[in-house]
Amino acid sequence: MPLVAGIDSSTQSCKVVIRDSDTGALVRQGRASHPDGTEIHPDHWWTALQEAISQAGGLDDVEAVSVGGQQHGMVCLDESGEVVRPALLWNDTRSAGDAEELIVEAGNGNAKAGAEHWAARTGTVPVASLTATKLRWLARHEPENAARTAAVCLPHDWLSWRLAGHGPGTGPSSLGLLRTDRSDASGTGYYAASSGEYLPEVLESTFGHVPALPTVAGPLDVAGKMPSGALIGPGAGDNAAAALGVSAGVGDVVISIGTSGTVFAVSDVPSKDATGLVAGFADATGHYLPLACTLNATRVFDATAALLAVDLPELSELALTAPEGAEGLTLIPYFEGERTPNLPNATGSLHGITLTNYTRANLARAAVEGVVCSLADGLAALQAQGVSARRVVLVGGGAQSPAVQHVAGAAFQLPVFVPEPGEYVANGAARQAAGVLEGRFPEWPIEGTEVAPAPADGPAPFLTRYRECATRAAMS
């Protein structure tokens with residue numbers, strides 16, 4: 001039984017799973033934490049990876065490995081392969097002004113025209129998370145570091161490069177051995193997902209010169225070899241790896257309910273959303289991965305549970321005792337602003353309060369329905385881009401709530417599959433590693449719960465009411 005390893009290098013931690021490439025059975029695993037912050041030296045990722053590998057019993061018997069990683073992070077290397085400065089992560093917002101300026105400049109002063117230009121060119125309208133905006137910030141604020149930068153890569157690219165035996169001091173020739181994949185490249189802002197090409201002119205205009213960039217490997221290409229001889233897969237961005245981990249195919253929409261919410265689909269056509277709500281990423285199989293995100297998800301549950309003096313399982317039980325629609329009580333969960341729709345300064349609001357419906361059970365139900373309805377808006381944004389949705393795959397910590405599953409069946413009006421809790425990103429990376437080894441992606445079994453859609457002739461009444469209240473809230 002050949003063994004493969006999947007690595008998830010996320011913002012918070014590094015996780016390693018080792019699986020049987022034939023059956024997908026978990027053999028062993030390890031984990032190590034990353035430091036907090038939005039600006040991290042990549043050496044911390046390498047140290048955590050070594051610790052996680054050690055906890056997992058090492059990689060000596062592994063025949064292929066692949067890395068899934070947090071997207072967008074800016075890793076700058078000098079000619080010798082040394083890291084120029086700590087990496088700016090996806091959640092570092094210092095380049096927000098640079099993103100706005102890039103949009104306006106592309107439209108010759110017209111932001112709407114600029115957004116249309118970027119959407120058509122790269123599939124994504126610039127925001128602070130994208131690598132291109134961080135490079136523009138670097139060129140403006142740290143010109144000496146920008147001038148030293150001979151190569152730019154992403155977190156998963158850098159880790160794969162290190163696994164292949166490259167690193168600080170290995171010289172200019174090793175920079176040419178950097179590899180990435182379509183999914184992570186598509187989150188940079190200087191790669192066109194639709195054509196599969198880098199856009200050097202974007203780098204020239206944002207950064208002042210065109211550094212060496214990782215070669216974009218195909219979905220099952222060998223991106224390198226470890227000193228042990230184990231094959232290294234092309235890797236993937238975290239969302240694309242998660243899609244692999246749950247075996248999502250064209251027509252599947254993956255909805256992740258964690259601290260924030262993420263809605264992404266495997267699609268056979270690229271998206272180009274000039275509103276900026278949907279990012280036009282690529283996936284790790286040769287298709288596309290249009291993605292929308294919401295800022296408010298499980299923390300709304302946490303806050304409501306604290307208010308009602310219950311734990312999260314009790315919140316779910318309480319919500320299920322209330323009728324669908326919470327007797328007209330509607331929560332708009334914009335507690336921390338919102339991304340879909342784009343209302344960064346919005347606040348949450350509670351609508352339809354009466355002496356009759358203002359109960360603990362209805363408030364619990366309204367919290368669950370509010371979060372699920374906001375994710376339904378994310379799904380609608382994808383469908384507006386031509387995404388064909390036949391099934392929802394519900395993942396993340398919030399997905400395990402029976403109340404969430406129940407409401408999802410009514411709100412999404414699609415079959416809902418809830419996989420058993422697991423390390424979806426690391427599992428997806430392991431599945432990619434097995435695919436590199438075997439020449440095809442294996443069909444590993446996935447255990448989970450099927451939730452049938454609620455029968456309906458149109459949108460659920462509580463979803464319609466939610467959208468009416470959300471529209472009023474956005475206008476206030």
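Which residues does L394 touch, not counting residues up to four places away in sequence? They are I255, I257, A399, V404, A408, F412, V416, F417, V418 and P419, where contact means heavy atoms within 4.5 Å. A word on the source: this is a predicted model, in which local features need pLDDT of at least 70 and side-chain atom pairs count only at pLDDT 80 or more, while totals for chains, interfaces and linings use all residues. Residues are numbered from 1 along each chain as its sequence is written, and side-chain values use heavy atoms, with hydrogens and water left out.

L394 is also among the residues that touch the most other members of the largest nonpolar core, which has 58 residues. Such a core is a set of buried Ala, Val, Leu, Ile, Met, Phe, Trp, Tyr and Cys residues joined through side-chain atoms within 4.5 Å; buried means under 20% relative accessible area, exposed over 50%, and partly exposed in between (1.4 Å probe, protein chains only). Helix α13 (residues 360-384) supplies the largest share of this core, 14 residues; helices are DSSP runs of H or I of at least four residues, and strands are E runs of at least two, numbered from the N terminus. Another core lies apart from it, with 35 residues, including A5 and W46.

Now turn to E142, in the loop between α4 (131-141) and α5 (143-148). E142 is buried, with a relative accessible area of 17%. Leaving aside neighbours within four places in sequence, E142 is in contact with R85 and W137.
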